[in-house]
Amino acid sequence: MSYGVAAALQGAVFQALSNDPALGALVGDAVYDALPPGALPALYVILGSEDVKDASDKTGGGALHEFTVSVVTESAGFTLAKMAAAAVSDALVDADLSLSRGALVSLNFYKAKAARVGTGDIRQINLIFRARVADDT
């Protein structure tokens, strides 16, 4: 098993989302790896949790990463959040990401959940993606 590609995958996903014109038109530069201090914008994207399983085979080391990207909004309804979630999905599914270590074999959408958070003033969509990576170091 190799967890060695985790940071490289996270960095490449962050760059892909930060540089995506369609997502940028909706959230501006509000794509975060960690929440910044102070007030947050009304609509933003944040990288979330990750589960990793061994996917090594006879050709070398590898892993299957299931990672979450969340779209969060204070707007009434889910329309803006769903538009941003679609842009996230479009930016990542089958993306040709260049990793600083290892290689991306595949990147696919797995599932999503849209829900009100707390008293219902915040809406959040958690998108889960599956990335298969190879690490031959």
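**R130 and E66.** I started with this pair: the side chains of R130 and E66 meet in a salt bridge, 2.7 Å from N to O. I'm calling it a salt bridge when a side-chain nitrogen of Lys or Arg is within 4 Å of a carboxyl oxygen of Asp or Glu. The pair links distant parts of the chain, with R130 in strand β5 and E66 in strand β3, 64 residues apart. R130 is partly exposed, at 29% relative accessible area. My scale: buried is under 20% relative accessible area, exposed is over 50%, partly exposed is in between (1.4 Å probe, protein chains only).

**Ground rules.** This is a predicted model, where local features need pLDDT of at least 70 and side-chain atom pairs count only at pLDDT 80 or more, while totals for chains, interfaces and linings use all residues. Residues are numbered from 1 along each chain as its sequence is written, and side-chain values use heavy atoms, with hydrogens and water left out.

**Around E66.** I listed what E66 touches, skipping residues up to four places away in sequence: S49, E50, D51, Y110, I128, F129 and R130. Contact here means heavy atoms within 4.5 Å.

**Other salt bridges.** How many salt bridges are there by this rule? The count comes to 3. R132 forms one with D57, the closest N and O atoms being 3.7 Å apart. R132 lies in strand β5 and D57 in the loop between β2 and β3, so this pair ties together parts 75 residues apart in sequence. D57 counts as partly exposed at 42% relative accessibility.

R101 forms a salt bridge with D135, with closest N and O atoms 2.8 Å apart. R101 sits in the loop between α3 (79–92) and β4, and D135 in strand β5, so the pair ties together parts 34 residues apart in sequence. Is D135 buried or exposed? D135 is buried, at 5% relative accessible area, whereas R101 is partly exposed at 34%.

**The sheet.** I traced 5 strands forming an open sheet in the order β1-β2-β3-β5-β4, with mixed pairing. β1 (31–32) and β4 (103–117) stand at the edges with a single partner strand each, so one side of each has no neighbour in the sheet. Strands are DSSP runs of E, at least two residues; helices are runs of H or I, at least four; both are numbered from the N terminus. Two strands pair if DSSP finds at least two bridges between them. β1 and β2 (residues 43–54) pair in the parallel sense over 2 bridges, and the bridge partner of Y32 in β2 is I46.
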